[in-house]
Amino acid sequence: MRVVVAMSGGVDSSVAAALLAAAGHDVVGLSMQLYDQRTEGEAFGSCCSLDDLYDARRVAQTIGFPHYLVNFEERFRQKVVQNFVAEYAAGRTPIPCVHCNADLKFAELVERAAAFNAESVATGHYARVVFDEDDRRYKLLRAVDRDKDQSYFLFSLTQTQLAHAMFPVGHLTKPEVRQEAQRLGLAVAAKPDSHEICFVADGDAGGFVERALPDGPREGEVVDATGRVLGRHGGVHRFTVGQRKGLGLSSPIPLYVLKVDAAEARVVVGPREALGRDEMTASGVNWISGTPPATAMRVTARIRHRHQDAPATVTALTGARAHVRFDDPQMAITPGQAAVFYQGEEVVGGGWIE
Amino acid sequence: MSRVVRIYLDYNATSPPFADVVATVARVLAEDFGNASSVHAFGQRAKAVVDDARQEVAALIDADAGEVVFTAGGTEADNLALRGAAEAVEPLGRRHVITTAIEHEAVLNTLKSVARRGWTVTTLPVDESGVVTPDALRAALTPETSLVSVMHANNEVGTIQPIAELAAIAREHGAIFHTDAVQSAGKIPVSARRLGVDLLAISGHKFGGPKGIGALWVRRGVRLAQAMTGGKQERNRRAGTENVPAIAGLGVAARLSREKLAANSSGFAELRDRLERGILEGVPGSSVNGDPARRVPNTTNISFDGVEAESLLIALDLEGVAVSTGSACSSGSLEPSHVLRAMGLPHGRTRNSLRFSLGAGTTPAEIDFVVEALPGLVTKLRRLTRAAAAVR
């Protein structure tokens with residue numbers, strides 16, 4: 001079977017490609033060029049830079065399968081970067097990776113793959129997809145390596161997308177993946193993991209958004225929960241719920257961002273205790289099974305990538321929304337982040353925190 | 001991954017070297033290893049190899065051997081021509097250079113660098129078939145104009161420019177005329193003298209020679225500053241120990257190309273037309289870009305409506321057919337062609353176009369294979385694009 005592997009040049013997608021090739025698949029490596037690589041003297045993001053593309057190519061050469069670059073600059077700008085900027089400008093804290101997965105890798109790339117007679121697109125994500133014979137449905141599961149699990153970023157995949165998705169390293173631990181890379185003599189075996197948002201080179205998301213904002217940053221007031229003005233800020237896009245640093249306030253107790261009100265250009269701060277909330281709603285909800293649950297559902301819900309999912313009850317609402325009530329208050333439920341619902345190993349769905 | 005079929009239709013990118021070239025390079029590399037600048041017998045032997053090759057290159061472009069300067073390829077020849085001429089005429093104070101929108105990057109980017117020395121660069125437009133008109137050149141000339149650079153044949157669409165006419169206009173104006181003949185030498189008769197140019201660049205690997213070797217023809221009397229400084233090789237025009245094996249290979253390629261020129265020209269054209277006809281008939285919504293009459297015989301550039309050329313190129317390669325599109329950026333991914341844009345093609349169509357370029361090794365069976373494979377691939381790509389658009 002021919003499989004297209006989305007290759008970032010990192011160790012995970014490299015080993016994913018290697019495993020598929022070893023299993024006898026006809027592997028075609030594609031690397032997505034996501035932003036302009038030509039500008040000289042400017043730093044690029046941590047993923048898919050020229051060095052990464054070189055690394056991906058070297059892996060393909062070592063194992064012996066064809067490798068191509070596809071120019072997704074325009075699509076990436078439209079589907080990922082513009083959304084990223086708009087979300088920050090609206091006072092939310094976006095996760096561009098989810099859009100990159102759902103709107104590029106498992107949309108555009110699947111379409112390309114079909115054109116090349118490939119049935120599936122594989123990535124180096126730590127997650128698992130299985131076909132449940134009883135349900136006749138695909139299930140999305142957490143990775144075996146709990147520390148590296150990326151199922152959170154894949155919650156918006158549909159049944160059709162899952163049918164074409166392969167995650168060859170999802171059943172391995174990161175050390176096992178590195179070992180495998182070493183065994184195969186892949187030059188990327190010891191390459192460090194990427195953590196930052198790939199197109200924000202210096203890790204300064206605020207600065208990136210600021211440069212992209214057509215009307216410049218919206219300055220405003222920093223207030224406490226009662227509306228008392230404590231200071232001024234340089235733009236709402238620089239704040240995220242739960243943030244403590246960069247408030248520019250002197251206060252006897254540590255203050256945290258409780259709310260970012262983009263309409264009023266206002267940042268509300270307060271003590272840590274005020275960050276806890278036990279309910280939220282999500283929009284743009286995707287149910288992995290394809291059907292919203294008819295009744296309230298017991299789940300564990302995760303409100304950001306590095307959050308220990310917490311027991312909750314989720315109720316599907318109309319308009320692809322859902323209500324979530326946590327058993328215990330959760331700290332810093334942040335608009336723009338995803339709430340992803342699990343039942344044990346399984347991702348049952350998820351949506352965007354309102 | 002081994003595949004049964006491997007069809008090479010990308011001769012404008014590079015061509016497989018003639019067997020004779022390979023043998024000559026290997027032999028000279030092993031046996032005639034002397035430094036061509038040395039006084040002793042080893043040096044003399046190497047020098048003879050270089051001089052023989054110079055004779056062959058001169059014969060290919062109908063010029064005197066003494067006017068041929070070997071360079072490390074076409075790009076270096078363009079650099080030497082433009083930087084060298086610009087620096088040499090600068091003291092006269094005329095700092096205006098005219099070029100065209102469809103030049104190779106070797107010219108366009110070199111002139112950007114010349115512009116940073118305080119020169120003004122005028123870029124002439126082309127018509128929809130990719131031709132620069134003499135009127136456009138006349139209109140662009142100013143008293144400051146001292147240099148004009150127009151390519152002979154375009155690498156992407158193959159269009160041949162009216163160089164003799166353009167060069168005559170420049171000459172009348174007292175401007176130096178350079179032509180990048182990288183895509184015409186070896187494919188059509190090229191006579192430096194009859195074209196009336198002052199500088200002419202060629203590249204070995206485009207006509208069966210080795211990579212990394214080319215030449216600049218410099219009309220006697222034209223002053224050039226050195227683009228590369230060092231020793232006094234190549235009559236003080238190009239410093240650096242001569243790459244004797246590559247020069248020898250270039251000489252052989254020049255001889256073979258010249259000998260086969262007439263036969264190749266008509267042979268290429270016949271196969272190219274067969275390919276073009278086959279595609280136009282077999283694939284609805286396909287059309288040829290460029291000037292169907294005035295172009296090099298081995299090149300065709302075809303647009304496929306509604307098909308992303310990038311995908312079609314990859315799909316063809318997975319079927320074993322090598323073609324190309326536009327120019328590659330630093331990462332190797334594809335960008336819309338500046339040539340097609342200059343010809344006024346709408347943005348969409350610049351992304352729909354593939355270049356097929358044939359050469360000495362191309363067979364009718366290969367052409368038929370491509371003609372047969374294309375309709376299915378195009379239909380599939382169009383169907384998927386439509387389906388994806390419907391989902392969104």
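Student: How many of the 354 residues of chain A count as buried?

Tutor: Burial is read from the number of C-beta atoms around a residue, with 20 or more others within 10 Å as the cut-off. In this predicted model, 48% of the 354 residues of chain A count as buried. For chain B, buried residues make up 53% of the 392 residues.

Student: Which secondary structure does chain A have, and what is its radius of gyration?

Tutor: Chain A comes to seven helices and 17 strands. Its radius of gyration is 21 Å, close to the 20 Å given by the globule rule for 354 residues, so chain A is as compact as a globular protein of that length. Along the principal axes, the C-alpha atoms of chain A fill a box of roughly 65 × 55 × 35 Å.

Student: What are the corresponding values for chain B?

Tutor: The secondary structure of chain B comes to 13 helices and 14 strands. A compact globule of 392 residues would have a radius of gyration near 21 Å, and the 22 Å of chain B agrees with that. The box filled by the C-alpha atoms of chain B is roughly 70 × 55 × 35 Å along the principal axes.

Student: Which domains are assigned in chain A?

Tutor: The assignment gives domain 1 (2-183), domain 2 (217-270) and domain 3 (276-353). The C-alpha centres of domain 2 and domain 3 of chain A are separated by 27 Å.

Student: Is strand E16 of chain A largely enclosed or largely open?

Tutor: E16 of chain A covers residues 338-343, and five of its six residues are buried, so the strand is largely enclosed by the rest of the structure.

Student: Which strands pair with E16(A), and in what sense?

Tutor: A general point on strands comes before the case. In a regular strand the side chains alternate between the two faces of the sheet. Here, strand E13 (residues 297-302) of chain A pairs with E16(A) in the antiparallel sense over three bridges, and A:Thr300 stands opposite A:Tyr342 in E16(A). E16(A) also pairs with strand E17 (residues 346-353) of chain A, again in the antiparallel sense, over six bridges. In that pairing A:Phe341 stands opposite A:Gly349 in E17(A). The hairpin of E16(A) and E17(A) has two residues between the strands, and A:Gly344 takes a positive phi near 65° in it.

Student: Where does A:Gly242 lie, and which residues is it in contact with?

Tutor: A:Gly242 lies in the loop between strand E9 (229-233) and strand E10 (256-261) of chain A. With 16 other C-beta atoms within 10 Å, A:Gly242 is partly exposed. Beyond four places in sequence, the contacts of A:Gly242 include A:Tyr256, A:Leu275 and A:Met331. A:Tyr256 is 14 residues away from A:Gly242 in sequence, with 5.4 Å between their C-alpha atoms.

Student: How is chain B divided into domains, and which elements of domain 1 touch domain 2?

Tutor: Chain B is assigned domain 1 (7-15 + 261-391) and domain 2 (19-256). The C-alpha centres of the two lie 28 Å apart. Their contact takes 23 residues from domain 1 and 27 residues from domain 2. On the domain 1 side, the elements giving two or more residues are helix H9 (244-282), strand E10 (299-304) and helix H11 (338-342) of chain B. By class, that side has seven nonpolar, twelve polar and four charged residues.

Student: Is B:Ala19 buried or exposed?

Tutor: B:Ala19, found in helix H1 (residues 19-31) of chain B, is exposed, with 11 other C-beta atoms within 10 Å. B:Ala19 and B:Val252 are 233 residues apart in sequence, and their C-alpha atoms are 10.0 Å apart in space.

Methods: Residues are numbered from 1 along each chain as its sequence is written. Chains are lettered from A and ligands numbered from 1 in the order in which they are written. This is a predicted model: local features need pLDDT of at least 70, side-chain atom pairs count only at pLDDT 80 or more; totals for chains, interfaces and linings use all residues. Helices (H or I, at least four residues) and strands (E, at least two) are DSSP runs, numbered from the N terminus. The radius of gyration is taken over C-alpha atoms; the globule rule is 2.2 Å times the number of residues to the power 0.38. A residue is buried if 20 or more other C-beta atoms lie within 10 Å of its own, exposed if 12 or fewer, and partly exposed in between; C-beta atoms are placed from the backbone. Domain bounds come from an automatic or database domain assignment. Two residues are in contact if their C-beta atoms, placed from the backbone, lie within 7 Å. Ala, Val, Leu, Ile, Met, Phe, Trp, Tyr, Cys and Pro count as nonpolar, Asp, Glu, Lys and Arg as charged, and the others, Gly among them, as polar. Two strands pair if DSSP finds at least two bridges between them.
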